[in-house]
Amino acid sequence: MSRQVVRVHFIDKSCKAFSIDQSTTSAALRDLVVDRISLKEDACFALFEKKDDWERCLEPDEKPADLQLQWEKEKAERKKSDSEPLFVFKKKIFLKEDDREMEDPIAKDLIYKQALHSVISSEYPVTIADATKLAGLQCQVVYGDHNSGVHNTAFLTPNIHDFVPKNLLSNRRPQEWAQSVLEVHESFIGKSGEDAKTEYLNIVKTWGYYGSTFYPPCKSVGKNFHSKVVIGVNYEGIRLLKPRTKQVVHEYFFTEILSWASSSGTFAFEVGSQNSSEKYTFETKQGSIIASTIQTYIDILVQMLRTTDEDDDDDDTSETVTSLSDA
């Protein structure tokens with residue numbers, strides 16, 4: 001069976017090449033990536049297919065070779081401005097307790113880079129104060145201890161867009177941003193790169209939307225909302241946000257969500273209780289992907305609850321349900 005090369009990309013824009021054949025599944029390719037980068041805590045990482053701003057997690061039995069053939073067939077239909085489709089390896093599932101991942105330096109580095117990307121791309125809304133501190137920590141990771149003879153505004157200004165969230169860049173002149181960031185960077189003298197990564201992650205983990213998968217703005221069907229919203233899903237539940245500011249419009253924990261469903265053009269979920277509930281329906285082509293992400297989190301949380309029950313026979317049902325929102 002003939003073999004072909006497939007390139008798997010990472011959040012930091014690096015990539016690695018792998019030799020596969022027509023029968024290689026995405027699960028097998030994922031395992032090749034895990035082995036190549038020596039990732040030990042790999043349970044929450046997955047392979048994605050990325051097309052411009054659209055991406056989806058690959059099913060375990062999908063064939064990357066078939067997908068590459070499909071991309072080639074679609075090439076004539078793509079606009080010149082469209083980016084080439086990619087396979088991306090990154091963290092898919094974010095849980096509250098990730099101590100084991102933080103003890104694996106490879107996993108920690110991947111998670112740090114993914115958080116960094118979400119901050120710089122303004123996927124996460126960030127205050128100026130947080131942005132400045134995070135940029136200072138990033139400098140500590142990249143450049144080590146501050147050296148006033150090297151690390152000055154002329155040094156940092158040309159690359160300031162790599163350190164400051166894109167939606168905040170226009171709030172100050174580049175030189176002013178550089179000066180503020182370098183002052184914070186100087187305060188971290190003596191802090192190791194690994195400790196700087198840990199502090200960076202500890203800050204972003206306090207945000208309610210940390211680890212969320214955000215889906216393109218979509219229109220509500222009915223009278224629930226007058227404008228489009230962004231749907232965000234993480235280990236706590238579903239958040240509906242304003243597209244431009246990412247301000248939370250509504251949030252629903254998994255313990256409030258009664259059901260969810262999708263079709264080729266919609267995603268819907270129902271919240272409330274058996275006596276009183278409300279249904280939200282949205283027009284989106286990513287309905288099945290949103291539903292799959294929710295199901296993955298639910299399966300993990302249910303398994304965590306079962307494990308807790310097995311470890312503590314004294315837990316009753318009501319205590320178990322309550323702990324779901326704390327998982």
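Residues are numbered from 1 along each chain as its sequence is written, and side-chain values use heavy atoms, with hydrogens and water left out. The model is predicted: local features need pLDDT of at least 70, side-chain atom pairs count only at pLDDT 80 or more, and totals for chains, interfaces and linings use all residues.

## Overall build

The chain holds ten helices and twelve strands. Both are DSSP runs, numbered from the N terminus: helices are H or I with at least four residues, strands are E with at least two. The radius of gyration is 22 Å, close to the 20 Å that the globule rule gives for 327 residues, so the chain is as compact as a globular protein of that length. That radius is taken over C-alpha atoms, and the rule is 2.2 Å times the number of residues to the power 0.38. Along its principal axes the C-alpha trace spans about 65 × 55 × 45 Å.

Of the 327 residues, 43% are buried. Buried means under 20% relative accessible area, exposed means over 50%, and partly exposed lies in between (1.4 Å probe, protein chains only).

Contact means heavy atoms within 4.5 Å. Take the contacts between residues at least 6 apart in sequence: 56% of them join residues at least 24 apart.

The chain carries 40 positive and 53 negative charges, and their mean positions are 10 Å apart. Lys and Arg count as positive, Asp and Glu as negative; His and the chain ends are not counted. Each charge is placed at NZ of Lys, CZ of Arg, CG of Asp or CD of Glu.

## Aromatic pairs

The whole structure has 17 aromatic pairs. Rings of Phe, Tyr and Trp (its six-membered ring) pair if their centres lie within 6.5 Å; planes under 30 degrees apart count as stacked, over 60 as edge-to-face and the rest as tilted. Trp207 and Tyr209 have ring centres 5.8 Å apart and planes at 40°, so this pair is tilted. Trp207 and Tyr209 are both buried. Phe267 and Phe269 also form a tilted pair, with 6.0 Å centre to centre and 35° between the planes. Phe267 is buried, as is Phe269.

Ring pairs also build a cluster from Phe94, Tyr124, Trp207, Tyr209, Tyr210 and Phe214.

Strand β1 covers residues 3–9 and includes Gln4. Gln4 is partly exposed at 26% relative accessibility. Val6 is buried, at 0%.

The contact lists below leave out residues up to four places away in sequence. Gln4 touches Phe18, Ser19, Ile20, Gln22, Ala65 and Gln68. The partners of Val6 are Lys16, Ala17, Phe18, Ile20, Leu29, Gln68 and Phe87.

Gln22 sits in the loop between β2 (15–21) and α1. Its relative accessible area is 36%, which counts as partly exposed. With the same exclusion of residues up to four places away, Gln22 touches Met1, Ser2, Gln4, Lys63, Ala65 and Asp66.

## Strand β9

Val248 belongs to strand β9 (residues 248–253). Val248 is partly exposed, at 36% relative accessibility. Beyond residues up to four places away in sequence, Val248 touches Arg239, Leu240 and Leu241.

## Separations in sequence and space

The table pairs sequence separation with C-alpha distance.

| Pair | Apart in sequence | C-alpha to C-alpha |
|---|---|---|
| Gln4 and Leu67 | 63 residues | 12 Å |
| Val6 and Lys79 | 73 residues | 23 Å |
| Gln22 and Cys218 | 196 residues | 36 Å |
| Val248 and Val229 | 19 residues | 9.4 Å |

Ser38 is not a glycine, yet its phi is positive, about 60°. Ser38 lies in the loop between α1 (26–37) and β3 (45–51). Ser38 is partly exposed, with a relative accessible area of 44%.

Ser122 also has a positive phi, about 65°, without being a glycine. Ser122 is placed in the loop between α4 (105–120) and α5 (128–143). Ser122 is buried, with a relative accessible area of 13%.
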